[in-house]
Amino acid sequence: MSIFDGLKFRKVSSPIHNIDPRIKFIYVIIIFISAILFHQILPLAILFLMQLPFVFIAKVQKQWLRSLRGAAFIAGFIFVINIVTRLFYNGWPTTTLATLEMVEPALGMTMRFIVLVESFSVFFLTTSPDYLGLALEQSRAPYEFAFAFTTAVRFVPVLAEEAQTIMDAQKARGLELDKGNVLKRIRNYIPILIPLIVSAIRRSLELAEAMESRAWGAVKKRTNLYLLKLHKGDYALIGIIVLVLLVTIYVRLFVFESIPLLSTFF
Amino acid sequence: MITVENVHYSYANNVEALKGISLTINDGDFIAIMGQNGAGKTTFIKHFNGLLKPSSGFVRVNGVETTKTSVATLARNVGFVFQNPDNQLFSESVEDEIAFALKNFGFDKETITKRVTWALEFLSLTQYRKTSPFLLSGGERKRVALASVLAWDPETLVLDEPTIGQDYEQKEKLRHFILQLRTKKKTVVMVTHDVEFVAECNPRVILMCNGQIVADGIAKDILTNSKLLEESSIVLPQIAQIFTKLSILGLPSDIIDIDEAENTILTKAKERRLK
Amino acid sequence: MSVISLSDLVYTYPGASKPSIDGVSLNIAKGEFVLITGPSGCGKTSLCRTFNGLIPRFYQGELKGQVFVAGQDIAGKQTFDVAKHVGLVFQNPENQLFALSVEKDVAFGLENLGMSREEMRKRVDWALNLVGIYDLRERSPHEVSGGQQQRVAIASVLAMQPEIIVLDEPTSFLDPLSAERIFEVIYKLNQEQGITVVLVEHRLDLTARYTNHLIVMDKGKICFEGNPREILCNEKVCQIGVGIPKATLLYKKLKTAGFDVNSQIPLSSAEFADQLLKVLNQ
């Protein structure tokens, strides 16, 4: 069951968790845009470090590190691809300066990717799905969309557990998943997929029935038990967003050319 | 024969589900494992065919340690029927569904046909041979799942909550069916909440609580021990409820069978010349 | 006055060859506790689905006859209109909870009705308290047990304050103790809130004592209807395959053997034990 445990959501409370998801999302977007606007290592490193206080205040260091480790492979891939293409066009560098000029942009690209992953993971690690669903409900998105989202979150762990049971049931009937060649192995999954799909369909019908019985679609404009209100933390983050935006625009327009590069130190 | 020696099992999230279980299941035994949700019953039985392997301790099936072999090999001896038939049915016809395991185990064509025919007959499903299992009723689907396991004739049959969602008649059928298996000297282990069903089947009862076995004995002793059952949130069987109240008359309180109940009361009535 | 009145109901699911409901007429009075039983596939679930129009609106197929609920012919009504009057609780608790917290689920129907936040909060708290799960209101549905999930489902129809609650085998996935507790909750709602209850159930030993209107169905028809004490003593009911309470069976066996307890036919073990004590203690 271990691999599915991560899919279960839990209510956690921290100043970061309590921030309105919509504002947190805008923050992520701003970081995203900033990261794209710069290719130098220095600003990207600053953007990277800026997330750390969030991680620590929300106490999600462990999960955060895990997500970074997960991204490390792709990051390494980006780095290598960049280096290889540069080698291909420019040939083997002969001086230290040339080496730096080759490595730096590759490193920048990699850093940019890491900043993106980092900010999105901070967002998802500190936003409980029910809060996110609520934010969706209260934004202008159609309610069906928000409902689909929360129901998905609600049933992912249920389906994951069911998949595990189905796998056990078929193994108990002698199915060996990792037997045979590639084609056979794919075919091995048919006895697992069919019951899973059939049960998902049955479930969705039962859900629809229960929804109908609870007056789904009675009025055009649904109301909501909860109301999202902005708190101190939300305003603080709005302040930070404005600040980051201003600094980014300023730096990008006026000091972009004079941002020091690694190679300038040589 | 299944021997379990001081088995501990912890899930990946460090929850210890089994805390030192030892048990011997002899050939031909009929056992009901009871206990409240989270007592570790399902975790325990999944050790019998190697779906779970002990974190420490041993489970041996016919002398072979489950850690040293595969689920597929163990399954030949230990057939496992899951609670919900819909978690395994996938074939186009009942016949194919029953043949699935036989093919996995590498039986030849002729034997497969023979075994399928036998299993269909045994569970009175012959008329549905070519029907899609998805078109059958809940009780019938449950029987197909059972047939698909029985087909390879395992020595031991493990049933997880066989009576859940079943009506009275279906439970009666199941009970007769288990009796038939017993006459064939099969070992039957079932996990269930259904005290009434256990009282009617009269097996050896193993009571689990918090990952440990807290009682092991004949149904009559365990199902009439109200203190023990209460700790496991199990209700006394209906007949036992009556006799617990009647014990102040000097009647025995360890009665779960309706015929025994009738005779005991009639004797008492005769004593009092009420008849 | 009857709150549910069916006349000559015949219904066939689309694609089915035989009707699932085959000529059912039925009157349920306000405030009654009605128990419907019968073997699997006898049509009891289908019957429940006609009460709020899921049949034929959701399931299609052909419905003949009339269904009056709370004084209205529901033929032309949408399910959401009827939902205010009839609350349905289904068999599998897992598949009728969709929200990520208990209280949000209880509010689901009220949100659909467009109720104000203040009123909704009152109703949700009221319903949670009635079924005894107020403390669980902020939990997520997979953090609570099956029995508690079923209570959430009951609370969520209760919040809509319907006149009638229909429960279709609400405890078949639960252990006997949780089942007993659910039945107690349902009985309390019937007694204290005056809500009409229609309960579909196999376990008569746990439920027969709550009703004086028992309906036994088989093959889409009502075979027996009336006082459970009389019906459950009838030989023919046993042949249909209904799980008669052991106390009732034992009573019958003793009577056949010549020992008559000489009291009303018992429906539960506790009741019969008391009767026996009285007689044997003379």
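**Strand pairs and hairpins**

Me: What makes strands β9 and β10 of chain C a pair, and in which sense do they run?

Reply: Strand β9 (residues 213–218) and strand β10 (residues 221–226) of chain C are joined by five bridges and run antiparallel. Strands pair if DSSP finds at least two bridges between them; the five bridges of β9(C) and β10(C) meet this condition, so the two strands count as a pair. Strands (E, at least two residues) and helices (H or I, at least four) are themselves DSSP runs, numbered from the N terminus. One bridge sets C:Ile215 against C:Glu225 in β10(C). The hairpin has two residues between its strands, and C:Lys219 there takes a positive phi near 50°.

The model is a predicted one: local features need pLDDT of at least 70, side-chain atom pairs count only at pLDDT 80 or more, and totals for chains, interfaces and linings use all residues. Residues are numbered from 1 along each chain as its sequence is written, while chains are lettered from A and ligands numbered from 1 in the order in which they are written.

Me: How do you know that β4 of chain B pairs with β5 of chain B; how many bridges join them?

Reply: Two bridges join β4(B) to strand β5 (residues 64–65) of chain B, in the antiparallel sense. B:Arg60 has B:Glu65 as its bridge partner in β5(B). In this hairpin, with two residues between the strands, B:Asn62 has a positive phi near 50°. Strand β4 (residues 56–61) of chain B also pairs with strand β1 (residues 2–10) of chain B, antiparallel and over five bridges; there B:His8 is the bridge partner of B:Ser56.

Me: Why are β6 and β10 of chain B called edge strands?

Reply: The open sheet has six strands in the order β6-β7-β8-β3-β9-β10 (chain B), with mixed pairing. β6 (78–81) and β10 (212–218) of chain B each pair on one side only, and they are its edge strands. Neighbouring strands are turned by 15° against each other on average, direction ignored. Helix α5 (residues 138–150) of chain B packs on the sheet, touching β6 and β7 (156–160) of chain B, and its direction makes about 170° with that of β6(B). Such angles run from 0 to 180 degrees between N-to-C directions, with axes as lines fitted to C-alpha atoms, for helices over the stretch in contact.

Me: In which sense do β3 and β9 of chain B pair?

Reply: Strand β3 (residues 30–34) and strand β9 (residues 204–209) of chain B pair in the parallel sense over four bridges. B:Ile31 stands opposite B:Arg204 in β9(B).

**Burial and cores**

Me: What makes B:Glu161 buried or exposed?

Reply: A residue is buried if 20 or more other C-beta atoms lie within 10 Å of its own, exposed if 12 or fewer, and partly exposed in between, with C-beta atoms placed from the backbone. B:Glu161 has 20 other C-beta atoms within 10 Å and is therefore buried. B:Glu161 lies in the loop between β7 and α6 (168–183) of chain B, and its phi is near 45°, a positive value in a residue other than glycine.

Me: Which class does B:Ser233 fall into, and why?

Reply: B:Ser233 has 16 C-beta neighbours inside 10 Å and so counts as partly exposed. B:Ser233 is found in the loop between α9 (226–231) and α10 (238–246) of chain B, with a positive phi of about 55° although it is not a glycine.

Me: What is called a nonpolar core, and how many residues has the largest?

Reply: A nonpolar core is a set of buried Ala, Val, Leu, Ile, Met, Phe, Trp, Tyr and Cys residues joined through C-beta atoms within 7 Å. The largest has 190 residues; B:Ile33, B:Val198 and C:Ala155 are among those with the most contacts inside it. A second, separate core of 23 residues includes A:Phe38 and A:Leu125.

**Contact between chains**

Me: How many residues of chain A are in contact with chain C?

Reply: Two residues are in contact if their C-beta atoms, placed from the backbone, lie within 7 Å. On that basis, 31 residues of chain A are in contact with 38 residues of chain C. α9(A) gives the most to this side of chain A, with seven residues.
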